[in-house]
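Okay, thanks for coming, everyone. I've got one structure to walk through today, so let me put it up on the screen.

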Number of protein chains: 4
Amino acid sequence: MIIVMQARATEDQVRAVERRIRDLGLRPHVSQGEFRTIIGAIGDESLMRAELFAALDGVESVMPIMKPYKLASRDFHAEDTVIDVGACKVGGGTITVVAGPCSIESREQFRETALAVRRAGAVMLRGGAYKPRTSPYSFQGLGEDGLRILQDVGREAGLPTITEVMDVRELEAVARYADVIQVGARNMQNFRLLTEIGHLEKPVLLKRNPSATIEEFLMSAEYILAEGNRQVILCERGIRGFDHSTRYTLDLSAVPNIQGVSHLPVFVDPSHATGRRELVAPMALAAVAAGAQGVMVEVHPHPEKALSDGPQQLAPDAFAVMMKELAPIAGAVGRQLQKPK
Amino acid sequence: MIIVMQARATEDQVRAVERRIRDLGLRPHVSQGEFRTIIGAIGDESLMRAELFAALDGVESVMPIMKPYKLASRDFHAEDTVIDVGACKVGGGTITVVAGPCSIESREQFRETALAVRRAGAVMLRGGAYKPRTSPYSFQGLGEDGLRILQDVGREAGLPTITEVMDVRELEAVARYADVIQVGARNMQNFRLLTEIGHLEKPVLLKRNPSATIEEFLMSAEYILAEGNRQVILCERGIRGFDHSTRYTLDLSAVPNIQGVSHLPVFVDPSHATGRRELVAPMALAAVAAGAQGVMVEVHPHPEKALSDGPQQLAPDAFAVMMKELAPIAGAVGRQLQKPK
Amino acid sequence: MIIVMQARATEDQVRAVERRIRDLGLRPHVSQGEFRTIIGAIGDESLMRAELFAALDGVESVMPIMKPYKLASRDFHAEDTVIDVGACKVGGGTITVVAGPCSIESREQFRETALAVRRAGAVMLRGGAYKPRTSPYSFQGLGEDGLRILQDVGREAGLPTITEVMDVRELEAVARYADVIQVGARNMQNFRLLTEIGHLEKPVLLKRNPSATIEEFLMSAEYILAEGNRQVILCERGIRGFDHSTRYTLDLSAVPNIQGVSHLPVFVDPSHATGRRELVAPMALAAVAAGAQGVMVEVHPHPEKALSDGPQQLAPDAFAVMMKELAPIAGAVGRQLQKPK
Amino acid sequence: MIIVMQARATEDQVRAVERRIRDLGLRPHVSQGEFRTIIGAIGDESLMRAELFAALDGVESVMPIMKPYKLASRDFHAEDTVIDVGACKVGGGTITVVAGPCSIESREQFRETALAVRRAGAVMLRGGAYKPRTSPYSFQGLGEDGLRILQDVGREAGLPTITEVMDVRELEAVARYADVIQVGARNMQNFRLLTEIGHLEKPVLLKRNPSATIEEFLMSAEYILAEGNRQVILCERGIRGFDHSTRYTLDLSAVPNIQGVSHLPVFVDPSHATGRRELVAPMALAAVAAGAQGVMVEVHPHPEKALSDGPQQLAPDAFAVMMKELAPIAGAVGRQLQKPK
């Protein structure tokens, strides 16, 4: 950590910073510049927090040198993490296509979708049972009935399943019925939920909150990893932007950006990011070209009748077209598209 | 709701929209412009969701006419809501100053702060027992021990108390010990938690999420109101911005903006918004000048030793200076600064 | 245009709106809903401005139905615009790769780069002579000397050239020496400059301002088109975001989003958007997968010695690798990579 | 400047950084931490640019210690700058209220406004002659005729005047007719224009671009200061935000934030920031409470007939009410409201 003193900082203020560094078990290293005194703290930076110094008199700014996450970092784990989800390998040089409806509305609707997306080449099945809705007056999902449908249809289609958990009290049920637990964007900093998930031995897909920096995103992954669960998939799904012709702004550079600092697999969800059906396929293709290790796409047999997110769900035909274009792009970037068994 | 058809929309597509409007129990009203066909849906808009139409073929855009919230709206409840918290009236023409440390660190630290802020004129006491921290390696709060200190010290100082709840499982305890339950910015869309709080008869302070629009913020309030709990205080605490010389960007125009559409009291937290001690007082004064009905400020007897948020906590002296400047500003905008009993 | 009246709007206020619509030569169409009166204005919306109504008493909101741009719109010109730049066709189903250094630093440096990028497959040559720099103390470009080098080297390499104009007084010189005039992001709303460029018969590449909505971007294109110059290329180069691990946030969904409403070619500049060399190639590939009709990439023979933007310039080898990966992606989305003559 | 090397940086890469520091005439200072090598460059940081190091192999990040601006900095000029504009003192402990219509539409309209705002207590008169409009089809201002009206009416009302310049070619005329030259938000990084204004001896009001950081804003001021013109007033007018219920997001914490690092006067324009009449007065009051040294407010005798920005212009009555509330707030923060002669 580097502590930059104000131009007018006194000797005593410099001493106080040195003392605090020593109190934390580190070694101070003072460097007197022409305009500023700069103090380095040498040792294990994880023992310090920037705010411990920023609050001292005479300090202008504090610059951490190390990333605040460890287990999520490539420094800690150089090789790409690869996670087994059923027969599917997630991460590394593979590409996983997850598809399914926004909400599980009925056994028929979900079954029809599952068979269609499998036919088109999806290897994992998504479907919401507990739905986080902005409005208390909107459809809130089928709950545990939905989970049962998810599991049954997943088995029938031979596809592992993923669904969102919204509350610690539902975690046990979600973990029982689904193969991958999804933490939604709004719960990315629900730290209690992250901690509980960390105690499980179950793959998790963690979505980025629309206002989270990449560092905050990785710190939330760290909450799960720190409890022992190392099967974390990260998913970019759009950040809050100022142009409302799309629902969110898909931050695709986050893909190679995260992959540079972390070993965890990175997925992209173009459906929630754009909120517009006609933008989903171009963004799914772009995600794979950018190096994403998975895409998660909403597909509904009759989007115009969907109980939620109709405008952004692809019809099965459109999804099949997208899958055809995806394959050569995966090849072009040296990745292997996972195939259904 | 207004549905705008694409320039090339067919007769059949227009019919399909009309049919869906009728299916929902509303009346369609087609208006053939020179360039576009426009269809109004007349009746109770709350029966419709924009996405039910946006997913139909030939539809270019859907424009809601009504706000999606009701109980939070001034259309529903024209008068300002005033909430009794102990002897303190929150909302309407009053100004409530809440102060206290970021975290309750010990009985002594909290007691010292409580007495100091009361002396300076604060009428409510804040202090975190459960702390949402970006890093799993940071101090996470004293938990239920902290709640007990909160209650004891609040009684001793004669000030009602407020503290944050992070998890449904802690809600009962928080509601037992504190006078106002705080929902933090990261939990603004933790819909399960909001629903549970809605079942209580207890004042709630709901913080705005850094990426939430004002409409989304009011929809989260609606979750609580819809369950029966009408004692909701809104709190602006900074939105995510692009200039990182402050922690967040305090959106002060949200104060009169929300007050125009909602009857709920609006508070401002300048400490979390700016993250910098020297900006807290100017922003607290500005908040009151803008019409805020309360400010919530972090005060610590020794900010340089704080276990969390040191750089943004005021020392008791600085808080007392701020209180002196606040009084004439309250008067200038025709508001009454609540006084401790 | 749809004018929504406030719930408490009076008859007189409704009349005043109707009168103003008629004064503008349009026809009002009043629709009395259950909760709101809504007034449509039928006729040529370009005769109206929303603000003419928003300022009237009793008006709650005004919703334009038509896009505010015409010449830039696909409604006006359904087919993709294709622009001839030397032998190069820009737009439609083609992909144009533009490359070259951030700044022209010397004849040798520019010549070396030009030959290298041509060898790797670039079909247009970029290089800055007038440089917009945040700091007055930074290298400001070689000016007209740079323009001469641009022209000479472009001819020698057999590549058309593009360079930025910063001021109306330099426009004549830039237009004389270069094949395409670039308007930088900071000048996207320099309306005087846009108007002057509109009088020329010369292709223009207009970069999106970091805080411009897509509608504002197209309105700036409209300034050029309205003066008669129809050879406008649009270029996404990153919007202002909150995560500063990249310089800007590349908004790739802008590509299909713009292509849906406009016939103009859309390019992407991943170098300025990310500011980091290792993210340039992934984002260039993603741009083409998303449907971009061109990419503009900074290449420098010795990035570590560059006088500007060193960290984001590719070395010629890295550019050649990128070009190899680009070709199959272009094919996968049915586009044709332009080849140097 | 601090250069942080990558964990895996080689000895040779460290040497290369040291060499470059020496080449620039500075002194390297290597500090070997447990996890990273860190190199300080001691000496005049203005001789270096971060990008010169960021482009070197093995470098992880570069952290500047000094601000990149000098003349705008309080380090250079500790006392508040006070600028004489006619009898009006701008900056320091004074508050300057500037008012007038968005556009000068006619001599009568401007005269009526001028007399009304003077009566209510404004000490400076604004009015646009050259209007930057998003659409080429909107009213573009009266041009030089407008400038003549500005000067005549200003003299008659006894108020100094301010108007915007959009183009270097109009600069001479604007400087001749007006007392203060305004650089609009869209031209904040029109570096040629800034440089030309730097050659004049005339006060300038520089507006912040909606996507500019505070550092970028001060760098633009530096362009003017560096040419010799030291009479620069800064004006916050809203940054680009994600909630479109206001036109922009007014960043009021920018006021004390800038005042902490710069000696230049800081104004606030609540009219353009909010775009909504009912939010203008609360935000003007808040600006003064936050420490702004001036507010600039749009006033129109008949806002509902304005040729531009009708929805955000105050009627003279509303402006007079605002002025009455402003005075005690100025007093509360120890500032002196300038009075018309």
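So, let's begin with what chain C and chain D do together: between them they bury about 4,300 Å², and 49% of that sits on carbon and sulfur atoms. Keep in mind that this is a predicted model.

In terms of who touches whom, 51 residues of chain C are in contact with 52 residues of chain D. And 100% of the interface residues of chain C turn up as interface residues in chain D too, so the copies meet through the same surface.

What about the polar side of things? The count of salt bridges between chain C and chain D is six. To show you one, C:Glu196 pairs with D:Arg169 in a salt bridge, where the closest N and O atoms are 3.1 Å apart.

Which elements of chain C give two or more residues to the side that touches chain D? Those are helix H2 (50-54), helix H5 (168-177), helix H6 (191-198) and helix H7 (214-226). H7(C) gives the largest share of that side, with five residues. Sorted by type, the residues on the chain C side come out as 21 nonpolar, 12 polar and 18 charged.

Last stop: let me jump over to chain A and look at helix H5 there, residues 168-177. H5(A) is mostly covered, with seven of its 10 residues buried. The buried ones are A:Val168, A:Glu170, A:Leu171, A:Ala173, A:Val174, A:Ala175 and A:Tyr177. And what do they pack against? Within chain A, that's helix H4 (144-157), strand S9 (161-165), strand S10 (180-183) and helix H6 (191-198). From chain B, helix H5 (168-177) and helix H6 (191-198) join in.

One more detail while we're zoomed in: at the start of H5(A), A:Asp167 has a side-chain oxygen that reaches to within 2.8 Å of the backbone nitrogen of A:Arg169.

Technical notes
Residues numbered from 1 in each chain as written. Chains lettered and ligands numbered in written order. Predicted model: local features only at pLDDT ≥ 70, side-chain atom pairs only at ≥ 80, totals over all residues. Heavy atoms only, no water. Contact = heavy atoms within 4.5 Å. Buried area = accessible area lost by both parts, 1.4 Å probe. Salt bridge = Lys/Arg side-chain N within 4 Å of Asp/Glu carboxyl O. Helix = DSSP H or I, 4+ residues; strand = E, 2+ residues; numbered from the N terminus. Nonpolar A, V, L, I, M, F, W, Y, C, P; charged D, E, K, R; others polar. Buried < 20%, exposed > 50% of the residue type's maximum accessible area, 1.4 Å probe, protein only. Polar contact = N/O pair within 3.5 Å; in protein donor to acceptor, adjacent residues only side chain to side chain.
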